Amino acid sequence: MDLDEIDRLRERHPAWRLLRAHNAPLILAFLGGRFIEGNRGAVPAGELVSALDDFLYAVHRTEPERYVADPAAYLDDWATPEAGWLRRFYPAASDEVHYEATPALERAYAWIQSLRSRAFVGTESRLQTAVDLLRQIVHGSETDADQRIAEIERRQAAIEAELAAARRGRFDTLDDTALRERYQQFAATARELLRDFREVEENFRSLDRSAREKIAGWGGGKGELLADLVSSRMDITASDQGRSFQAFYDLLLSEERQSELTDLLGAVQSLPQLPVDSRLRGVHHDWADAAERTQQTVRNLSEQLRRFLEDQVWVENRRVLDLVRTVEAAALAARETPPLDIGLVVDQPGVPIALPFERPLYDPQPDVAVDSLPAPAELDVTELDGLLTQRFVDTERLTENIRAVVPPRTSVALDEIIALYPVEEGIAEILGYLSLHGHGITVETTDEQTVIGYADSGGAPRRVRMNRALVRRA
C-alpha cells in the first residue's frame, strides 16, 4: 500500500475514524460487548438506549465527569453517515427505530482484541492447518486418476496403521499445551466467521439499496429494469463470495452436521485442561443466526422485485379506471345538456341523380379461348430448395415466452420481450409473434416506429423497422 492510499483510508474509513474518536473506549466497550460479543442483530432503539444508560451509570459511579451526554444523543451520533458505526433503520412491520452494528465496528473491535497480550502464541497447530490446506488444494485439483488412487491408498494405509496401534492400546494423545493451542485457534476462527457474516450481509444490503434506487428513479419498461436487477442478483450470487456463503449455509443446515457440532462442542467444553467459554458452546447457533440474517437480506431483494411488479400493475389499472370514469362523466353530461350542433354533415350540396335512359345498351363480348395447360419448361430445382428449407416456428414456445414476461391484465412492448428472448427463427418468428391471437393474448400495433435486431439462418445480423407492437394478456 502506498502513502496516498493509507492517507485516504485514514480520512474516510469508518473503522479508522472510530479509533480516532475521543469517545472510542465507550463505543468499543459498549457496542462491542452488546453486538459483537453477544452476536446480536437489529436491536430496538428503546432497548439499546436503556442498556447504554445502565452502562453509563456504572461508569459514572467511578468517573462522574466522563461521558455526560444523553444516551440517545450518543446513539444518534454513532449512526450518522459521517460516523458509520451503527446502522439505523425501520424494519418491516415495526414503527420503532432499530440499530445494527456495521462491519466497520466489527473490524475496529477485532483489531483492539488483537492487541491483547496472549499467554502463549501457538504455531504447531497452525502449521498443521496450513499443510492440510495445501494438501486439499493439491489433491482436490488433481485430474489424474492414478494420482488420486495413490493418495487415497496412502491415507487408507495410515488409517489402518493407526487403527491397528489403537487396538493394541498404543496411541498418542495431545498434551495440555497442544489442546489450548488448538482451542485458541478454533475460538479465533469462530469469531472471524461471525465477523465475515456481517461483511457479506453488508454487501447484500448494498445490492438491495441500489435496486431500490433504480426502481425509484426508473422511467423505462419493466422488462429492462427486471433484466438489470436479476443480472445484478445473479452476479453477486455467482461470485466467489456468494458461492462460498451458499455452500457454508447448506452445510450448516444439515441436521447431521448440527448434531456433530453440538456433540463436539459439548465434549470440548467438558475438558478440564481448557478454559470454559460459554459463548463458544453455542457458536454454531450464532453462525446459523448470522447466516439467516444474511439470507433475509437476499429475500428482501426478491420481495422488492415482487412489489415493483404489483405497483406497476396497480398504476396501469388505476389509469384504465380513470379513463373509464372520464368517459362515463362525459356521457352523463351529454345526456343532461346535449350539444346543439350535432348532426350529419354532407360535403356536396345535393344528391347525384342518374336517369335510366342514360345507361348504355348491352354490348356482347366475343368468346376468348383459354388454354389452362402450362407451357412445358424445365423444372428449376433451386426454386424448390427455398420452399423445402422453410423453418417451422413453434407458436407454443412464443406463447410461453409471453406468459413468462407479461403479467395478467397488462401489456408489454414486443421489442422488450424479444430483448429477453432473442429471435431464433429469423423474421418468421417476429411474424409469429404478430399472428398470436387467442388464449388470452392479443397483439396490437401503434403508430410509433421501432427497430428490432435479429440474426438470420446464416448468423448474419439483420434489422427490421416496423410499427411498435404491444402484447396484452387478458
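This is a predicted model: local features need pLDDT of at least 70, side-chain atom pairs count only at pLDDT 80 or more; totals for chains, interfaces and linings use all residues.
**Stop 1: the ring partner of Phe 55**

Phe 30 and Phe 55 make a tilted aromatic pair, with 5.7 Å from centre to centre and 55 degrees between the planes. Phe 30 belongs to helix 3 (residues 24–37) and Phe 55 to helix 4 (residues 45–60), so the pair ties together parts of the chain that are 25 residues apart in sequence. Is Phe 30 buried or exposed? At 4% relative accessibility, Phe 30 counts as buried. The structure holds two aromatic pairs, and Phe 30 with Phe 55 is one of them.

**Stop 2**

Move along to Tyr 67, which you will find in the loop between helix 4 and helix 5 (71–78). Check the backbone here: phi of Tyr 67 is near 55 degrees, a positive value in a residue other than glycine. Tyr 67 counts as buried, at 12% relative accessibility.

**Stop 3**

Select residues 98–101, which make up strand 3, and colour them by face. His 98 and Glu 100 lie on one side, Tyr 99 and Ala 101 on the other, and all of them are buried, which leaves both faces of the strand covered.

Next, show the neighbours of strand 3. Strand 1 (residues 43–44) pairs with strand 3 in the antiparallel sense over two bridges, and here Pro 44 stands opposite His 98. Strand 2 (residues 86–89) also runs antiparallel to strand 3, joined to it by four bridges. Which residue of strand 3 is the bridge partner of Arg 87? The partner is Glu 100.

Stay on Arg 87 and show its side chain together with Phe 89. The charged end of Arg 87 sits over the ring of Phe 89, 4.0 Å from the centre of that ring.

**Stop 2: another positive phi**

Jump ahead to Arg 409, in the loop between helix 16 (395–405) and strand 4. Arg 409 has a positive phi of about 65 degrees, although it is not a glycine. Is Arg 409 buried or exposed? With a relative accessible area of 57%, Arg 409 is exposed.

**Stop 3: the sheet of strands 4, 5 and 6**

Select residues 411–413, 441–455 and 461–473 together; these are strands 4 and 5 and strand 6. They form an open sheet of three strands in the order 4-6-5, with antiparallel pairing. Strands 4 and 5 stand at the edges with a single partner strand each, so one side of each is left without a neighbour in the sheet. From one strand to the next, the twist averages 15 degrees.

How many bridges join strand 5 to strand 6? There are 12, and the two strands run antiparallel. To see where these strands face each other, pick Ala 455, which stands opposite Pro 461 of strand 6.

Now click on Arg 468, found in strand 6. At 18% relative accessibility, Arg 468 counts as buried. Leaving out residues up to four places away in sequence, Arg 468 touches Ala 413, Asp 415, Glu 444, Thr 445, Thr 446, Glu 448 and Thr 450.

**Stop 4**

Ile 427 is partly exposed, with a relative accessible area of 38%. Setting aside neighbours within four places in sequence, Ile 427 is in contact with Tyr 454 and Val 464.

**Last stop: the whole chain**

Zoom out and show everything. The secondary structure comes to 18 helices and six strands. Of the 474 residues of the chain, 28% count as buried. The accessible surface is about 32600 Å², and 56% of it belongs to carbon and sulfur atoms. Among contacts with a separation of 6 or more, residues 24 or more positions apart account for 65%.

Technical notes
Residues are numbered from 1 along each chain as its sequence is written. Side-chain values use heavy atoms; hydrogens and water are left out. Two strands pair if DSSP finds at least two bridges between them. Axes are lines fitted to C-alpha atoms, for helices over the stretch in contact, and angles run from 0 to 180 degrees between N-to-C directions. Buried means under 20% relative accessible area, exposed over 50%, partly exposed in between (1.4 Å probe, protein chains only). Contact means heavy atoms within 4.5 Å. Accessible areas come from the Shrake-Rupley method with a 1.4 Å probe; for residues, only the protein chains shown count as cover. Rings of Phe, Tyr and Trp (its six-membered ring) pair if their centres lie within 6.5 Å; planes under 30 degrees apart count as stacked, over 60 as edge-to-face and the rest as tilted. A charge sits over a ring if NZ of Lys or CZ of Arg is within 6 Å of the ring centre and within 35 degrees of the ring normal.
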